[in-house]
Amino acid sequence: MPPGAGAGWIALRAGELPAAPGPGEVQVFLASLDNPPWPGETLRAALEPAELARAERFHFERHRRHFIHARGLLRHLLARALGSDPHALRFAFGPQGKPGLEAPEQTGPRTLDFNLSHSGGLGVVALSDGASVGVDIEAPRAVPELLAIARQNFAAGELATLQALPAGQQPDAFLACWTRKEAFVKALGGGLSVALDSFEVSLDPRQPAQLLSSADPRHPREEFTLGANRTPEGAWTAVVVRRARASLRTFSLL
C-alpha cells in the first residue's frame, strides 16, 4: 500500500449511510465498481433508458459495467439523502455539462449539489448541502510524457514544483495535481472555458492540499475549500467545494 493510502476514510456499509449533508458539509463516498455496495442488477434497475443506451456505446464490457455501477451508485446515494426513489431522479445539465437535479420538487426542502468521478474500477461521489462541488479520482499509473503534459496545462508554480521533485515522486505529484485541478474545474461547472493554468494548487504529496491562487477575480481562492486523500489502493482523490472552511467527511463503502 502506498504511503498515506487509506488514511482518513470512514468504513461504512450501504445500510449505514449518514443523513444528508448538513450546513457547510460535504460528504465523499468511495466505492468499488467491480464489487459495488449494492447488487449490480439493483444499480442497473435505477438507470433511465438513455443512461443504459449510453452504457452500450462502450466497446469493452468492463467499461460498460463500471459506467452502470457508477451511475447507479450516484442515484442510490442521492436518493438516500433526499428520501427519494433512485429511479425517479431526473438530471439536467449546466452550460458546461455539469449535471444537476432537473426539478427542485425532487429535493423537497433540501438543496443538494453533487459530482461523480470514476477511474480504474473505483467510483467516488461528492454530495454537498447546495454549494457547488467537484470531485475527481485517478488510479495510480505511469504517466508517459508527464512533464510535457504539465508544461501544456499546469501553472508555472505547479510545473516548477513538479520538476524540482525526484523523478520517482513525479508520477504521484502529477496525479495529485491533476485530480485537484479537475475537481476545481468541476466545482466551477466544468468545461473547457476554465484554463487549467489560470489557478494553482499544491501538488507535493508530502504537503497538505491547498488551492494556492486563482487568477480569475470571479473565483477568488478564499471562497473555496479543497481536500485530497488517497484510497486504500493508492488512487488519488480530490474534492473542491465553493464554500470557505467547509467540513469534509470521507466514507469508504469498499
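Angles between axes under 35 degrees count as roughly parallel, over 145 as roughly antiparallel, 65 to 115 as roughly perpendicular and the rest as oblique. The views below come from a predicted model, in which local features need pLDDT of at least 70 and side-chain atom pairs count only at pLDDT 80 or more, while totals for chains, interfaces and linings use all residues. Residues are numbered from 1 along each chain as its sequence is written.

**View 1. The whole chain.** The chain has 6 helices and 12 strands (DSSP runs, H or I of at least four residues for helices and E of at least two for strands, numbered from the N terminus). Its C-alpha atoms fill a box of roughly 50 × 40 × 35 Å along the principal axes. Of the 254 residues in the chain, 51% are buried (under 20% relative accessible area, with a 1.4 Å probe and protein chains only).

**View 2. The packing of helices H4 and H5.** Helix H4, residues 146–153, packs against helix H5, residues 156–164, at an angle of about 160°, and their axes lie 9 Å apart (lines fitted to C-alpha atoms over the stretch in contact, with angles from 0 to 180 degrees between N-to-C directions). H4 and H5 are therefore roughly antiparallel to each other.

**View 3. The residues between H4 and H5.** Leu146, Leu147, Ala150 and Arg151 of H4 make the contact with Leu159, Leu162 and Gln163 of H5 (heavy atoms within 4.5 Å). By class, the contact of H4 with H5 has 5 nonpolar, 1 polar and 1 charged residues (Ala, Val, Leu, Ile, Met, Phe, Trp, Tyr, Cys and Pro count as nonpolar, Asp, Glu, Lys and Arg as charged, and the others, Gly among them, as polar).

Notes:
Heavy atoms only, no water. Buried < 20%, exposed > 50% of the residue type's maximum accessible area, 1.4 Å probe, protein only.
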